[in-house]
Amino acid sequence: MGTFRTRGLRGSAFEDMVNRTNEKYKEKGLALIQKIPTPITPISMNPDNHQITLAYFDQKSTVDYIGAVQGIPVCFDAKECAEDTFSLQKIHAHQVEFMKQFVAQKGIAFFLIYYTKREKLYYLKLADLLPFWERAEQGGRKSFRMEELDDKYFFTSTKGLLVPYLDMIQKQLEEEEGEDD
């Protein structure tokens, strides 16, 4: 189990953006998405303010977010990437396994990736991650480049919504519906 200093767990700017978007979706009755806290065990605390200064992770967490969108179960993880190449080390095998099981139960699983240098958002369907994942497992490259991604799943903030991912879920559902025909 890894230990961490709480300073590093203040939450990323991207997660804050996703959280604010989720609040807007909740207010509008469009979705109910909950942030899943990472379970920790404190080791030491600051006696002055009772803040945790050192802790370890109790168990492997599954995904960052879980909930429902218009009756459809969804789970996703939010990741930041400073470069044009996304390292698969940012994703863990237990997360991929959980997402596969989630999809098998008729849910939707995806990753939201924020390319900070370019200020671009990307909606990575689990099905689109799996070829990269399998390539890495077979000894190939353990990352993927932006140019390997499907252009239609890049999206931008809109007025009032910092990470409008519901549009991407809609796009995925329409695409899958077209495949069934």
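Tutor: Helix H1 covers residues 13-27, and its 15 residues, at 1.5 Å each, should span 21 Å; the C-alpha atoms at its ends lie 21 Å apart, so the two values agree. The expected span is 1.5 Å times one less than the number of residues, and helices (H or I, at least four residues) and strands (E, at least two) are DSSP runs numbered from the N terminus. The model is a predicted one, in which local features need pLDDT of at least 70 and side-chain atom pairs count only at pLDDT 80 or more, while totals for chains, interfaces and linings use all residues. Residues are numbered from 1 along each chain as its sequence is written, and side-chain values use heavy atoms, with hydrogens and water left out.

The buried residues of H1 are Phe14, Glu15, Met17, Val18, Thr21, Asn22 and Tyr25. Viewed down the axis of H1, these buried residues fall within an arc of 155 degrees, so they line one face of the helix; the arc is that of the directions from the helix axis to the C-beta atoms. Ala13, Arg20 and Glu27 are exposed on the other side of H1. Here buried means under 20% relative accessible area and exposed over 50%, with partly exposed in between (1.4 Å probe, protein chains only).

Just after H1, Gly29 adopts a positive phi of about 70 degrees. Gln70, although not a glycine, also has a positive phi, of about 50 degrees; this residue sits in the loop between strand S5 (65-69) and strand S6 (72-81). Gln70 counts as exposed because its relative accessibility is 56%. Lys106, likewise a residue other than glycine, has a positive phi near 75 degrees and is found in the loop between helix H2 (93-104) and strand S8 (108-115). With 70% relative accessibility, Lys106 therefore counts as exposed.

H2 and S8, together with helix H3 (126-137) and helix H4 (166-180), each supply at least two residues of the lining of the second largest pocket. A pocket is an open set of points on a 1 Å grid over the protein atoms alone, where a 1.4 Å probe fits, with protein on both sides within 12 Å along at least five of seven lines; lining residues have an atom within 4 Å of a point. The second largest pocket has a volume of about 170 Å³, the volume being the space filled by probe spheres set on the points, which are joined across faces, edges and corners. Of its 13 lining residues, Val103, Lys125, Ala127, Gln172 and Glu176 are the closest to the centre. H4 contributes the largest share of this lining, four residues.
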